[in-house]
Amino acid sequence: MLIQTAKRLLQGAILMSTLAAAAIHAAPRDLIIDTDPGADDVVALFLAMASPDELKIRAITTVAGNVRLDKTSRNARLAREWAGREDIPVYAGAGRPLVRTPIYAADVHGEEGLTGVPVHEPKQGLAKGNAVQYLVDTLANAEPHSVTLAMLGPQTNLALALIQQPDIVKGIKEVVIMGGAHFNGGNITPVAEFNLYADPHAAEVVLGSGVKLTYLPLDVTHKVITSDARLKQLAAVGNGASQKVVDILNAYIKYDMDKYGMTGGPVHDATVIAYLLKPELFSGKQIHMTVDSREGPTFAQTVADWYGVLKQPANVMWIENGDAQGFFDLLSTRLARLK
Ligand code: BDR
Ligand code: CA
């Protein structure tokens, strides 16, 4: 009798702790997405907005990058409207980089910053206030190390927030960045990737702040590429969101396929969201990295010490490989949850 009661109590305790662990595991991650939409940014936004169980998107903050700030901000609001997620505020931020002259990528993303789909003025406007002040206020008042930032464009907004109030780092859990290149080489100069080249000084500020950083550089995004079968897989989802993604990608991938002779095109920024949802799809290692902000041929290069030859302490997680089919399986499954 006594043994049976003890057994039941033990079983109950095990069940309680399993449920508690599941509850902890299930709590969605507090996330701010900083972005310059951008075709691949919009795919990233769809993936994130379709994943409310894992990601609590507190806000989308926009920055000038692929196109001017007014267009990146409009495109972010369009993505939100298409995904039926008008509950998420969109704050506009920096209209130009910290130091360098602005550059854009309309040759890749089109004059409107969005390939393959018509654009219009979305019904809902921007949130009141500036993205930089939003970041300062939110991170300063957040629980310690509670907010994740997904950085999908030049890092100007976060750099400005860190310059304004350095102690906001205490509110940050981690920062996951699409940017940089090492093994792959650059896509805007022989050694520089666009987001770093657009504002290397901002990337230096973020790197120097001591926050936990993960980089998804071209090394990985050029391995996670489309194929005809993968585009058919997305189209087979058969809803409005998947059709938008297919239309956007069909137009967007042409540029990289022609330029690099690749068999498919990358969806750079969406790998950041996939990493947050399913880190097991990716591999990399902790390394020491610096950003070269000196004028010259190596301007904005990410100097990634993959083999640790400099014997410097690691300051970033550098993602080097990804499961391409796993990524497209995740994207299709999540798009199926939208309309
Ligand atoms: C990065 O540059 C931008 O054009 C894309 O949106 C992506 O963030 C790829 O180099
Ligand atoms: Ca981007």
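Which residue forms a salt bridge with K170? The partner is D167, and the closest N and O atoms of the pair are 3.9 Å apart. That falls under the cut-off used here, where a salt bridge is a side-chain nitrogen of Lys or Arg within 4 Å of a carboxyl oxygen of Asp or Glu. Both residues are partly exposed, K170 at 42% relative accessibility and D167 at 40%. On this scale buried means under 20% relative accessible area, exposed over 50%, and partly exposed in between, using a 1.4 Å probe and protein chains only.

Before we go on, a word about the model. It is a predicted one, in which local features need pLDDT of at least 70 and side-chain atom pairs count only at pLDDT 80 or more, while totals for chains, interfaces and linings use all residues. Residues are numbered from 1 along each chain as its sequence is written, chains are lettered from A and ligands numbered from 1 in the order in which they are written, and side-chain values use heavy atoms, with hydrogens and water left out.

Let us stay with charge pairs for a moment. Side chains of opposite charge can pair when their charged atoms come close. A search of the whole structure finds 11 salt bridges. One of them joins R68 to D70, with the closest N and O atoms 2.7 Å apart; R68 is partly exposed at 44%, and D70 is partly exposed at 44% as well. Another links R77 with E121 at 3.1 Å. R77 lies in helix α3 (residues 69-82) and E121 in the loop between α4 (106-109) and α5 (131-140), so this pair ties together parts that are 44 residues apart in sequence. Helices here are DSSP runs of H or I with at least four residues, numbered from the N terminus. R77 is buried, with a relative accessible area of 7%, whereas E121 is exposed at 55%.

Now turn to D199, in the loop between α7 (194-198) and α8 (200-208). This residue is buried yet has no salt bridge, and the nearest side chain of opposite charge, R100, is 7.1 Å away. Here Lys and Arg count as positive and Asp and Glu as negative, while His and the chain ends are not counted. What does the side chain of D199 reach at 3.0 Å? It is the backbone nitrogen of L98. The D199 side chain also makes a polar contact with the side chain of T156 at 2.8 Å. A polar contact is a pair of N or O atoms within 3.5 Å; within protein, one must be able to donate a hydrogen and the other to accept it, and residues adjacent in sequence count only if both atoms are side-chain atoms.

Next comes the calcium ion, ligand 2. Its protein donors are D36 (OD), D41 (OD), D41 (OD), L152 (O) and D269 (OD), lying 2.2 to 2.7 Å from the ion. D41 lies in helix α2 (residues 39-49) and D269 in the loop between α11 (240-260) and α12 (270-277), so the pair ties together parts that are 228 residues apart in sequence. Donors are N, O and S atoms within 2.8 Å of the metal (3.2 Å for Na, K and Ca), and sites may look incomplete because water is not among the atoms. D41 and D269 are both buried.

Finally, look at ligand 1. The residues around this ligand include D41, L152 and D269, each having a heavy atom within 4 Å of the molecule. Oxygen atoms of ligand 1 lie 2.6 Å from a polar side-chain atom of N66, 2.4 Å from one of E193 and 2.9 Å from an N or O atom in the side chain of N195.

Note on methods: Helix = DSSP H or I, 4+ residues; strand = E, 2+ residues; numbered from the N terminus.
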